[in-house]
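This report describes a protein model for a reader who is meeting it for the first time. The sequence and the structure are shown below.

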Amino acid sequence: MSDIPAAIEFKNITKTFGSITANSDISFEIRRGEILSLLGENGSGKTTLMNMLSGIYYPDSGKIYINGNSVSIKSPKDAYKLGIGMIHQHFKLIDVFTVTENVVLGLPGKIGLDLKTARDRVTEICKKYGFELNPDQKVYDMNVSQKQTLEIVKLLYRKADILILDEPTAVLTPQETENLFKVIRNMRDDGKSIIIITHKLHEVLAVSDRVAILRKGEYIATVNTGEATELSLTEMMVGKKVILNIDRPEPLNPVKRIEVQGLSVVNAEGIKTLDDISFELYGGEILGIAGISGCGQKELLEAIAGLQKTGPGSSIKFHPTDDIKDVKSLIGKTPKEIRNYGIALSFVPEDRLGMGLVGSMGMPENMMLKTYNEDNSIFLNLKNPVKSAEEIKNTLEVATPSLNTPVRTLSGGNIQKVLVGREISSVPAVLMTAYAVRGLDINTSYMIYDLINEQKKRGVAVIFVGEDLDVLLAISDRILVLCGGKSNGIVDARTTTKEKVGLMMTTLNNVGGSQDGK
Amino acid sequence: MENKIKKRREPLIHISKRISVAAWKAWLIRLGAFLGALTFIALFVYLIFGINPSDLYSTMFKGAFVGKNYLIPTLKAAAKLLCIAVALAPAFKMRFWNIGAEGQMLAGAMAAAFVMREYSAMPNWLLLLVMCLFSIIAGGIWGLIPAVFKAKFGTNETLFTLMMNYIAAKIVDYFYNIWRGAKSALGLINGNVLQKDIYEKGYLRYFWSGKNDSVWYKSEDTWYIIIIGIIAILMYVYLKKTKQGYEIAVVGDSQNTARYAGISVNKVIIRTMIISGAICGLCGFMTVSFQSHSISSEIAGGYGFTAIIVAWMSRMNTLAMAGVSVLVIALENGSQAVANAYSTSTGFPSSTASIIVSVFLMFIIGSEFFINYKINFRHISAKEVA
C-alpha cells in the first residue's frame, strides 16, 4: 500500500449490549478499490460492526476513520453524507413505485420532482456498471435479483463510495450470483470499496480481494484471498476446540422413531428453504442440527411438528412405540391431528413468545396450551395446569413474582425454563429444541443440557438445533449439517472436528460429508 | 439477544414502557386523571361562561342521575352502549378490529322490524321469538362476512367492517322509505290503534298492554337493562372461564402460538365474529322491540363507535364495561342538562356539552399512557459512564 489513507479504518471499536460484548477492541481497515469479505459465525459481531458503520449503533469506545479523517456516525443520515451505503437482506423498496421513483425516494430536494433527469441518471449508472434494469419497471414486477440491483443503484445514485452488502447471495441463483459478482468487480475497478458479509466460503474466495475474520466479537485477522483456502478460513472462523463439561451418555438400545425422506419446503416467496432432506432419528439419541442461521433449521422442525406445508415427495414417518402400533405418516397433519394419533411430540421453537408461549398469560394458562381441550367440558380446568406450573416453578427455579404474572414480563432465561419445562413435562416421545440456550447464562444453560440428557436417557428421540459448535459437538450423538437448506451429511459427533463441521456448514458437499455416524 | 440496549446521547426526558404496574397505582392514576378533567372543565366553564363549578357539577349530576326522568334514560342508553361494547369484547380480545358494530346492530334491527311488520299475524310470543332469532342470524351474518374474507384472503377487517356499516344503513333506509310511503316519517310499526289485531304486536309490552303496568317488572326498560346485564355477565364467564374464551385470547396474543397449540385460527376468527355480530343483532332486536318500536338508520346512534372507547377503557373486561358505559352516558346526559339549564342565561351553547364529554374522555384515555409508560428525567449527576 502507498500512503493513500484507507477508505475505512476501525480503531479499537468496542460495543456492548448489556452484559454481552458484541464487538471487542476491533481494529482493521478497508482500502479503496477493494472487495473485502467479512467472515464469521453467527453472533461473531459482523452485523453489529456494520451497523456502527451505517449509523444504526454508536460504538461505546474506539474510533472510525473515513479516508483518514476521524468521523462520528450518529445516524444513517451521517453515514449517507460520508458516502456509506448498506444493502440489507430484506429490501427496503416500495412495491408500487417504479425503479426511478424508488431511487429518488427520500432524497432531499425541491417540491417539484424532476423524474426525467433522475431517469436519465439511473440509465447512465446502469450502463456504466453493466446493470440490466428498466428504469420504468414497477418493483412488484421484478424478481429478487433485480430488486437487489435496484438497491445497489439506489446507493450509487446517492454517490456512495463504500457499499456494504449483507449476505447478498443468500437469495440468488448461481447465475445471478455470477452477475452480481461481475458488477461488484466493476464497481471496485471504479474505485469503490465493497464489504460483503457472507458465510459461503467459495464465494469469499471467488470474489474478494481480502478477507477479515471475526470470532465471538473479536477481530482475528485479515488475509489476502489469494493466500487463503477454505480450510484455513474455517479454522480462523471457528477457532480452537473448547472442551465443555457436558454429559454425553451412550444411547441405550436405540430404536428408529422418525424417518424423514426427501423433505422439502417452499416458502411464500417461492424459494426452496429446505431441499431433499433425509435422515433417521432414534429414540435415546440426540441428533444435533448444525448450520448457519436461516439454512432451514426452523422449517425442518416446523415440518415435523405439522406447522409447515411440505413440498411434493416429502415423507415424514413416525415409527411404532409401546403405545402406537403402526407407522404413522406426519405429512399434511396439523399439530392437533398428530396429537390425536397419541404421538407426544414436544417442540421448543426458536421464537419463544411468538410461537411457544402466550406472552400475556401467566404460567398455568401457558401450561395448558396443548392440553386444555383434553376433556369434554366447555369450561377450562385450571387445577392440573396450576399444579404443573407450581412443579416447574419449583424444580426449575423459575423466578417469577407469582404464577399468574404474564410470562412476557419474565427474563429470557425464565421464559425458556417455562417453555422447556412444559414441553418436557408432557412425557414426550420426540423432543425438538431450537436454540434452547440462546441468551441464557452458563448455569441455566447447563440446567437445560441436563434436562435434555435426562430425556435422552428416558429413550426420547431428541433433535437439538444449536448455534454454538462446541456445545453441538459435546452434547450430540450425531450431527446433521445443513447448508443453504440442503443436507450436507451426518457426522459422528464423537469423532468429528469443529473445522470439519464448520466447513460443511459453509461449503456444500465437501470432505467427509457422507459418513453416517450411526 | 433480548437485552439490546441502545446507548446514545441521553435526552432530557425519555419515556420507557412499564413492565407491570400495581393495580392500586393504575387506579390512582385514573382517579388523578378524572380529578384533572373535573378541574380543567371547572376552570374552562367558569372563565368563559362564569358558571360556578359547584353549580356546574350539581346540575350535571342531577341531569344524569336524579329523578326518574333523568335516571332511567341514562340507564337505558348505558345499557345499549354496554350491549354493543360487550359484543365487541371477544373480537377485540382476538385483535380483530371490528368497527362494524353499528352495521351489525342495524342488520339485527332490520331483521326484527321486517318480521315484526310482515308476520304480525303470529302469536306474540312466537313473533318475538322469530324476531329475536332472525336478528341474531342477521347480525351474525354481518359479522361473518368480514371474518370469512379475513380468514381466507387476509383482507383488512377494519375497512371491511366499516364499509358493512354503510351497506346496512342503506338497506334500512331503503325499507324505511318503502314502508313510509307517502307519509313524512315511518312512525311506529304496528302502531295503529285502529288495527286491533296487530296493534303493538312484536312489542314486549303487548303482554301487559291495557292492564296495570306500573309494577317494575311490567316495564320494557327494566327488561332491556336486565337482559343486557345478563349478557355482560355471560360474556365475562365466556371469555374468562371457557375453552373458547381461552382460544380467543391465544389467537389474540399470537396466531403462531395458536397454530402451534393446534388451534384452528380461521375457525376461531369466524366463530368469534359470528358471536360478536350476533350480540349486536340481538341488541338491535331488543332496541326495536323494547324501545323504539320502529326502525331508522339512526337507531344505533353512533354507539357502535362509542362502544369501541368503552371496550378499550375497560380493557375488554365486560363487567367493568357496565361502569364505564354509565360514566360515558352520564357525562353526555349531564353535560346536556347543563346546556339546557344555562343556554339562555349565560349563552352556554349545547355544543359545549360535547366538549365536556370529549375532555373527560381525553383525560381518562390519556391516563392509560401514564399507566403503560413511565416518564424518566435525566439525572445529570448520576450519568453512567460506559
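How many residues of chain A are in contact with chain B, and how many of chain B with chain A? In this predicted model, 40 residues of chain A are in contact with 28 residues of chain B, contact meaning heavy atoms within 4.5 Å. Because the model is predicted, local features need pLDDT of at least 70 and side-chain atom pairs count only at pLDDT 80 or more, while totals for chains, interfaces and linings use all residues. Residues are numbered from 1 along each chain as its sequence is written, chains are lettered from A and ligands numbered from 1 in the order in which they are written, and side-chain values use heavy atoms, with hydrogens and water left out.

## The interface of chain A and chain B

The size of an interface is often given as the accessible area lost when the parts come together. Chain A and chain B bury about 2,900 Å² between them, and 59% of this area is on carbon and sulfur atoms. Buried area here is the accessible area (1.4 Å probe) that two parts lose on being put together, summed over both. Of the area that chain A buries against chain B, 19% is supplied by Phe17(A), Tyr372(A) and Leu380(A), more than by any other three residues.

Between the two chains there are 18 residue pairs in polar contact, with both residues at pLDDT 80 or more. A polar contact is a pair of N or O atoms within 3.5 Å; within protein, one must be able to donate a hydrogen and the other to accept it, and residues adjacent in sequence count only if both atoms are side-chain atoms. On the side of chain A that touches chain B, at least two residues each come from β1 (8–17), α10 (335–340), α11 (352–356) and α14 (412–425) of chain A. These helices (H or I, at least four residues) and strands (E, at least two) are DSSP runs, numbered from the N terminus. By class, that side of chain A has 21 nonpolar, ten polar and nine charged residues. In this classification Ala, Val, Leu, Ile, Met, Phe, Trp, Tyr, Cys and Pro count as nonpolar, Asp, Glu, Lys and Arg as charged, and the others, Gly among them, as polar.

## Salt bridges

Over all chains, the structure holds 33 salt bridges, each a side-chain nitrogen of Lys or Arg within 4 Å of a carboxyl oxygen of Asp or Glu. Across the interface of chain A and chain B the rule finds one. The table lists several of the pairs.

| Pair | N to O distance |
|---|---|
| Lys243(B) and Asp375(A) | 2.4 Å |
| Arg422(A) and Glu423(A) | 2.9 Å |
| Asp477(A) and Arg494(A) | 3.0 Å |
| Asp470(A) and Lys216(A) | 3.8 Å |

The salt bridge of Lys243(B) and Asp375(A) runs from helix α8 (residues 243–253) of chain B to the loop between α12 (363–367) and α13 (383–395) of chain A. Lys243(B) counts as buried because its relative accessibility is 4%, whereas Asp375(A), at 32%, counts as partly exposed. Buried means under 20% relative accessible area, exposed over 50%, and partly exposed in between (1.4 Å probe, protein chains only).

Arg422(A) and Glu423(A) are both buried. In the pair of Asp477(A) and Arg494(A), distant parts of the chain are linked, 17 residues apart: Asp477(A) lies in the loop between α16 (469–475) and β19 (478–483), and Arg494(A) in the loop between β20 (486–492) and α17 (498–506). Asp477(A) is buried at a relative accessible area of 3%, while Arg494(A) is partly exposed at 32%. Glu250(A), Lys456(A), Asp477(A) and Arg494(A) are linked in a network of salt bridges.

## Helix α17 of chain A

Helix α17(A) is mostly covered, with seven of its nine residues buried. Among them are Lys498(A), Val501(A) and Leu503(A). The cover over the buried residues includes α7 (201–207), α8 (230–238), β13 (286–290), α16, β19 and β20 of chain A.

## Domains of chain A

Chain A is assigned domain 1 (8–238), domain 2 (242–344 + 427–518) and domain 3 (357–426), the bounds coming from an automatic or database domain assignment. The contact between domain 1 and domain 2 takes twelve residues from domain 1 and 14 residues from domain 2. The C-alpha centres of these two domains lie 34 Å apart. About 1,200 Å² is buried between them, of which carbon and sulfur atoms give 60%.

The count between domain 1 and domain 2 is one salt bridge and two residue pairs in polar contact. On the side of domain 1 that touches domain 2, the largest share, six residues, comes from α8(A). That side has four nonpolar, three polar and five charged residues.
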